[in-house]
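Colleague: Can you walk me through this one? Keep it quick.

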Amino acid sequence: AAASSMDVVLGRRDLTASSGQRTHVDMVVPFTDYLPGSNTLSDVALLRLAQDVPGSVARPMQLIGAGEAALWAPGQTLRIAGWGNQTANLCDSGGGTCTAAGESTWTHTPKEADILRVDDSTCGSGPDPGYSYFWPSTMLCAGVLDTDGVADTTNGVDTCQGDSGGPLIVDPGTGAADMRLVGATSFGRGCGS
């Protein structure tokens, strides 16, 4: 999409509110390895805002540092957040079929949950469709994984449609101001079923 067609709203948690600051995007820089037409491979871009945003409106989250790998190692607790669908369903956002457990339920305020980081070999050996899209060189897994490929079970805690692009965060234990961004939600199976 063209930068001229985008605005970013910062400092607003409730999507029905008018708080926060709206600013134009003046440049979109897609990841160099992005494959147009792929819904999972390197689908991330940098947005340059047309104006500076004061820290009183929004403060950037720190990226995880090179020496902080232990904070997001397998078995560590990570946090997911987003405004996405809250209805459990059997959707494979990686490209499979979808069987909803009911009508989609969207939220106006973000929801958060803690999940555990899963090791690459466990994620890479999960059933298709879904886990076949996992590339350990650029991705990581978190949550309770579907183990049989039929009855998706994520223990009721998961991201869903509408949460894509949302943060995967780790708390180094020194307070909310020190949270680190580990990754971004891209795809999964189960949506909290």
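Colleague: Which residues form a nonpolar patch on the surface?
Modeller: Met27, Val29 and Leu46, with about 270 Å² of accessible area together. Patch members have over 30% relative accessible area and no salt bridge; like charges are joined within 9 Å, nonpolar side chains (Val, Leu, Ile, Met, Phe, Trp, Tyr) within 5 Å. Areas are Shrake-Rupley with a 1.4 Å probe, and for residues only the protein chains shown count as cover. This is a predicted model: local features need pLDDT of at least 70, side-chain atom pairs pLDDT 80 or more, while totals for chains, interfaces and linings use all residues. Numbering starts from 1 along each chain as its sequence is written, and side-chain values use heavy atoms, without hydrogens and water.

Colleague: Where is Val29?
Modeller: In strand S2, residues 21-30. Strands are DSSP E runs of at least two residues, numbered from the N terminus.

Colleague: How many salt bridges?
Modeller: The count is 6, taking a Lys or Arg side-chain nitrogen within 4 Å of an Asp or Glu carboxyl oxygen. One of them joins Asp26 and Arg48 at 2.9 Å, N to O. Asp26 is in strand S2 and Arg48 in strand S3, so the pair ties together parts 22 residues apart in sequence.

Colleague: What about Arg79? Which residue does Arg79 pair with at 2.8 Å?
Modeller: Asp114. Arg79 also bridges Glu112, at 2.7 Å. Shared partners join Arg79, Glu112 and Asp114 into one network.

Definitions and conventions:
Helix = DSSP H or I, 4+ residues; strand = E, 2+ residues; numbered from the N terminus.
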